[in-house]
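Hello,

Here is the structure I promised to pass on. Please have a look at it first, and then read on for what turned up.

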Amino acid sequence: MIRSSLRVLYAVTVVVAASACGHSTATPAAGATPASASSSPAAKATAAKAAPASKLPASVTTAMVTLGDSIFNNGNCQRCHGKAGIGAANAPSFKGIKWQHGSGSYDDIVQTVIAGVPADQIKDATHKFPMQAKGGRTPLTDDQIKAVAAYVYTISR
């Protein structure tokens, strides 16, 4: 029991530490529960407030939204888009927006995070910095990209 609890604690610590850098290259210890599957009550409440499960795209789970929240707000995304996606000097808000790149669908958000937004494709002249593909210098994994897209999808609704 104690060994299992320590494994879960280790896995959560690894994911949180890596998320603070905007990425994760660590794999949880064998037998550990992935951190995205075991989240705190506060994280679950945040995910639930973002969008009710019934309004999520079919491939999106509340666990993905919770993980995406952590990656977004503790990693590179918030540096330009602001905490909780409220916008900042370098990138627009996701609150009540007219999408500049794609339709705002979950799949379009995934594709935008994967491809990034080159400087010559920025449509709002007040935001001059390009968005790097897959989160920047140390790319996000496919699962992390899907989680960030799930979070952005929910906060933009």
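A question to begin with: does Ala91 count as buried or exposed? Ala91 has a relative accessibility of 7%, and because the cut-off for buried is under 20%, Ala91 counts as buried. Please keep in mind throughout that this is a predicted model.

**The overall fold**

The chain has six helices and zero strands, so in sequence order the pattern reads α-α-α-α-α-α. Of its 157 residues, 36% are buried. Taking contacts between residues at least 6 apart in sequence, 55% join residues that are at least 24 apart.

**The nonpolar core**

The largest nonpolar core holds 23 residues, and the ones that touch the most other members are Val60, Phe72, Tyr106 and Val148. Two or more residues each come from α3 (62–74), α5 (106–115) and α6 (142–155). The biggest contribution is from α6, which gives nine residues.

Setting aside neighbours within four places in sequence, Phe72 is in contact with Cys77, Gln78, His81, Gly82, Ala84, Gly85, Phe94, Val148, Tyr151 and Val152. One of these, Val148, is also among the core residues that touch the most other members.

**Aromatic rings**

Phe72 comes up again when we turn to the rings. The whole structure contains three aromatic pairs. In one of them, the ring centres of Phe72 and Phe94 are 6.1 Å apart and the planes stand at 65 degrees, so this pair is edge-to-face. Phe72 belongs to helix α3 while Phe94 sits in the loop between α4 and α5, so the pair ties together parts that are 22 residues apart in sequence. Both Phe72 and Phe94 are buried. Ring pairs also link Phe72, Phe94, Trp99 and Tyr151 into a cluster.

**The largest pocket**

Next, the pocket. The largest one has about 810 Å³ of space. Its lining is made up of 34 residues, and those nearest the centre are Cys80, His81, Ala91, Met131 and Gln132. The elements that give two or more residues to this lining are α4 (77–81), α5 and α6. By type, the lining residues divide into 18 nonpolar, 11 polar and five charged.

Ala91, the residue from my opening question, is one of those nearest the pocket centre. Ala91 lies in the loop between α4 and α5. Not counting residues up to four places away in sequence, Ala91 touches Cys80, His81 and His127. Two of these partners, Cys80 and His81, are also listed among the residues nearest the pocket centre. The C-alpha atoms of Ala91 and Thr126 are 8.3 Å apart, although 35 residues separate them along the chain.

**Other residues in the loops**

Which residues does Lys83 touch, leaving out those up to four places away in sequence? They are Asn73, Asn74 and Gln78. Lys83 is in the loop between α4 and α5, and at 46% relative accessibility Lys83 counts as partly exposed. From Lys83 to Ser93, 10 residues along the chain, the C-alpha atoms are 9.7 Å apart.

Ala84 is also found in the loop between α4 and α5. Ala84 is not a glycine, yet has a positive phi of about 60 degrees. Its relative accessible area is 29%, which makes Ala84 partly exposed. For context, most residues other than glycine have a negative phi.

Lys134, in the loop between α5 and α6, is another non-glycine residue with a positive phi, this time of about 55 degrees. Lys134 is partly exposed as well, with a relative accessible area of 31%.

Finally, Gln121 also lies in the loop between α5 and α6. Gln121 is partly exposed, at 44% relative accessible area. The C-alpha atoms of Gln121 and His101 are separated by 8.8 Å, and the two residues are 20 apart along the chain.

Best wishes

Technical notes:
Residues numbered from 1 in each chain as written. Predicted model: local features only at pLDDT ≥ 70, side-chain atom pairs only at ≥ 80, totals over all residues. Heavy atoms only, no water. Core = buried A, V, L, I, M, F, W, Y, C linked by side-chain atoms within 4.5 Å. Buried < 20%, exposed > 50% of the residue type's maximum accessible area, 1.4 Å probe, protein only. Helix = DSSP H or I, 4+ residues; strand = E, 2+ residues; numbered from the N terminus. Contact = heavy atoms within 4.5 Å. 1 Å grid on protein atoms, 1.4 Å probe; cavity = no way out; pocket = protein on both sides within 12 Å on 5 of 7 lines; lining within 4 Å. Points joined across faces, edges and corners; volume = space filled by probe spheres on them. Nonpolar A, V, L, I, M, F, W, Y, C, P; charged D, E, K, R; others polar. Phe/Tyr/Trp six-rings, centres within 6.5 Å; stacked < 30°, edge-to-face > 60°.
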